[in-house]
Amino acid sequence: MIDLHTHTLFSDGELIPAELTRRAAVAGYRALAMTDHGDLSNLDLIIPRLVRVAADLGAAWGLTVLPGIELTHIPPPQIAAAAREARRLGARIIVCHGETIVEPVAAGTNAAALAADIDILSHPGLLTQAEAELAAARGICLEITTRKGHSLTNGHVAKMALAAGAKLVINNDAHAPGDLVSPAMARAVGRGAGLSEEQVDQCLKNSAELVEKALAIGG
Ligand SMILES: [Zn+2]
Ligand SMILES: [Zn+2]
């Protein structure tokens with residue numbers, strides 16, 4: 001299992017990086033990105049601290065740990081600059097908090113995120129076909145989530161992504177230990193979104209590819 005979208009105490013997660021990654025390793029995860037909620041006020045507080053511990057925790061627990069960020073509720077015109085800043089600070093996985101239907105995320109966030117240097121557009125809600133096509137053209141992954149609330153539009157996201165040829169990943173958006181679901185549950189959520197077994201397999205391959213790319217960029 002790979003989860004490229006998780007939260008620690010640096011935002012609203014329950015665990016510090018050491019415990020989150022330890023629990024992920026024990027739960028059988030082979031890679032995890034720590035992607036706390038960030039805006040232009042706190043990128044420099046969060047990212048360097050995650051960078052500082054990621055490789056050592058990964059080596060200690062036997063999984064790949066990537067420092068990242070989830071750009072969250074940033075006014076759309078500022079998302080590209082925030083992504084550049086996050087990358088400069090060492091974020092290897094940049095998630096942008098998309099237009100989930102359970103929060104008042106600003107209209108235009110999905111489109112601005114897909115024009116920026118991000119890796120994953122999380123819970124993109126009622127994503128349009130044009131947005132899915134932009135994701136496909138830019139190689140940005142769209143997210144199927146196991147998280148309650150955000151998952152209400154998984155079926156729509158899957159349908160749009162498949163029609164546009166955009167890549168999908170399955171993430172937990174883990175905030176607490178119980179959110180690190182089993183491989184069987186992640187697969188079931190993917191199937192519940194309307195994906196075939198083969199399409200779920202492709203999601204897992206997409207996550208593995210993102211990990212490889214992140215490691216290559218990070219040097
Ligand atoms: Zn989010
Ligand atoms: Zn999140």
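**View 1. Spacing of the donors of the zinc ion (ligand 1) along the chain.** The donor residues here follow the pattern E-x26-H-x25-H. They are Glu70 (OE), His97 (ND1) and His123 (NE2), at 2.0 to 2.1 Å from the zinc ion (ligand 1). Donors are N, O and S atoms within 2.8 Å of the metal (3.2 Å for Na, K and Ca), and water is not among the atoms, so sites may look incomplete. Please keep in mind that this is a predicted model, where local features need pLDDT of at least 70 and side-chain atom pairs count only at pLDDT 80 or more. Residues are numbered from 1 along each chain as its sequence is written, and ligands are numbered from 1 in the order in which they are written.

**View 2. Glu70 bridging the two zinc ions, ligand 1 and ligand 2.** The ions lie 3.2 Å apart. Glu70 is buried, as is His97; buried means under 20% relative accessible area, with a 1.4 Å probe and protein chains only.

**View 3. The site of the zinc ion (ligand 2).** Its protein donors, 2.0 to 2.2 Å away, are His5 (NE2), His7 (NE2), Glu70 (OE) and Asp173 (OD). Along the chain they are spaced H-x1-H-x62-E-x102-D. The angles among the four donor atoms run from 80 to 167 degrees, and the site is irregular.

**View 4. Burial of His7 and Asp173.** His7 has a relative accessible area of 1% and is buried. Asp173 is buried too, at 2% relative accessibility.

Methods:
Side-chain values use heavy atoms; hydrogens and water are left out. Four donors count as tetrahedral if all angles lie between 85 and 135 degrees; four count as square planar and six as octahedral if opposite donors are over 155 degrees apart and all others between 65 and 115; anything else is irregular. Buried means under 20% relative accessible area, exposed over 50%, partly exposed in between (1.4 Å probe, protein chains only).
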